[in-house]
Amino acid sequence: MEEKSGQNPILKMGRDGMNFFLKWIFAALVVLFALLQLTNPAFTNPPIKNDFPVTNAPPRVAALLRAACYDCHSNETRWPWYSHIAPFSWQISKDVNDGRENLNFSDWPNDNPIRAAKKMEDMSEEIGYGEMPLKKYTLIHAGARLTKNERQALEDWLDAQAARLKSIAATKN
Ligand code: HEC
């Protein structure tokens, strides 16, 4: 027994030394965590430029898009409390920035029916393949989990809108 504690520095420290050691580790972790909070990125909801005409959609479709997509694909992001806490804040702000870059309901090409149609086809595809909304999001946001039936309703409406916009563009040219 004597010999063992001689070999192991933690056992050698004894109970008091150990408590002291753990307190310092804990204090260091608290300080580190506090310092990490200085690295929180900015959480912005820039002004809405060109709003997606979501009011043209049936209320069910509009509600589903808002619940499942708007947090990452609009300037109307609801930032939950944990989005302000590093290290989660880094990933969440990255997802929102990447999401907005790919598709932004607050910067919608209302003046360009071909582009709008393409975006709606992309959305329909992502929803159909089950790629969107992202899994890590639906894990936390139960309200964003889409049933098969809801996916179908979204796809049907998006496909019909895309076709309508394309035909509008065709008659204009
Ligand atoms: C948690 C955030 C998040 C949510 C919620 C979310 N997306 Fe995305 N979306 C992203 C990110 C990040 C990207 C870009 C990177 C990628 O493709 O994974 C993206 C990309 C896309 C793209 C472009 C894909 C491509 O490869 O061109 C479409 C279309 C899209 N999302 C549609 C949707 C739709 C529709 C919903 C709701 C049903 C939705 N997203 C919900 C984060 C999200």
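Cys69 is buried, because 22 other C-beta atoms lie within 10 Å of its own; here a residue is called buried if 20 or more other C-beta atoms lie within 10 Å of its own, exposed if 12 or fewer, and partly exposed in between, with the C-beta atoms placed from the backbone. Cys69 belongs to the loop between α3 and α4, where helices (H or I, at least four residues) and strands (E, at least two) are DSSP runs numbered from the N terminus. Between the C-alpha atoms of Cys69 and Asp107, which are 38 residues apart along the chain, the separation is 14 Å. The model is a predicted one, in which local features need pLDDT of at least 70 and side-chain atom pairs count only at pLDDT 80 or more, while totals for chains, interfaces and linings use all residues. Residues are numbered from 1 along each chain as its sequence is written.

Cys69 is also among the closest residues to the ligand, together with Cys72, Gly99, Met132 and Tyr137, in a shell of 18 residues; a residue is taken as near a molecule or strand if its C-beta atom, placed from the backbone, lies within 6 Å of it. The elements that give two or more residues to this shell are α4 (70-73), α5 (88-102) and α6 (113-128). By class, the shell holds 10 nonpolar, three polar and five charged residues, where Ala, Val, Leu, Ile, Met, Phe, Trp, Tyr, Cys and Pro count as nonpolar, Asp, Glu, Lys and Arg as charged, and the others, Gly among them, as polar.

Of the helices that contribute to the shell, α5 has 15 residues, which at 1.5 Å a residue should span 21 Å, and its end C-alpha atoms are 21 Å apart, in agreement; the expected span of a helix is 1.5 Å times one less than its number of residues. The buried residues of α5 are Ser89, Ile92, Val96 and Gly99. They lie on the same side of α5, because they cover an arc of only 105° around the axis, the arc being that of the directions from the helix axis to the C-beta atoms. On the other side of α5, Gln91, Lys94, Asp98 and Glu101 are exposed. The buried residues of α5 pack against α4, where two residues are in contact if their C-beta atoms, placed from the backbone, lie within 7 Å.

The helix α6 has 16 residues and reaches 22 Å from its first C-alpha to its last, close to the 22 Å expected at 1.5 Å a residue. Its buried residues are Ala116, Ala117, Lys119, Met120, Met123, Ser124 and Ile127. These residues cover an arc of only 160° around the axis, which puts them on the same side of α6. They pack against α8 (148-172), a helix of 25 residues that reaches 36 Å from its first C-alpha to its last, close to the 36 Å expected at 1.5 Å a residue. In α8, the residues Leu154, Trp157, Leu158, Gln161, Ala162 and Leu165 are buried, and what covers them includes α3 (59-68) and α6.

Just after α6, Gly130 takes a positive phi of about 75°. The peptide bond that joins Met132 and Pro133 is cis, with omega about -10°, and Pro133 is found in the loop between α6 and α7 (135-140). A cis peptide bond also leads from Ala86 to Pro87, with omega near 5°, and Pro87 is found in the loop between α4 and α5.

The loop between α4 and α5 also holds Trp81, which counts as exposed because it has 6 C-beta neighbours inside 10 Å. The C-alpha atoms of Trp81 and Met123, 42 residues apart along the chain, are separated by 28 Å. Ala144, in the loop between α7 and α8, is by contrast buried, with 20 other C-beta atoms within 10 Å. Ala144 touches Ala67, Ala68, Pro133, Tyr137 and Thr138, when residues up to four places away in sequence are not counted. Ala144 and Pro133 are 11 residues apart in sequence and 7.4 Å apart in space, from C-alpha to C-alpha.

At the level of the whole chain, the division is into domain 1 (2-39) and domain 2 (54-172), with bounds that come from an automatic or database domain assignment. The C-alpha centres of domain 1 and domain 2 lie 48 Å apart.
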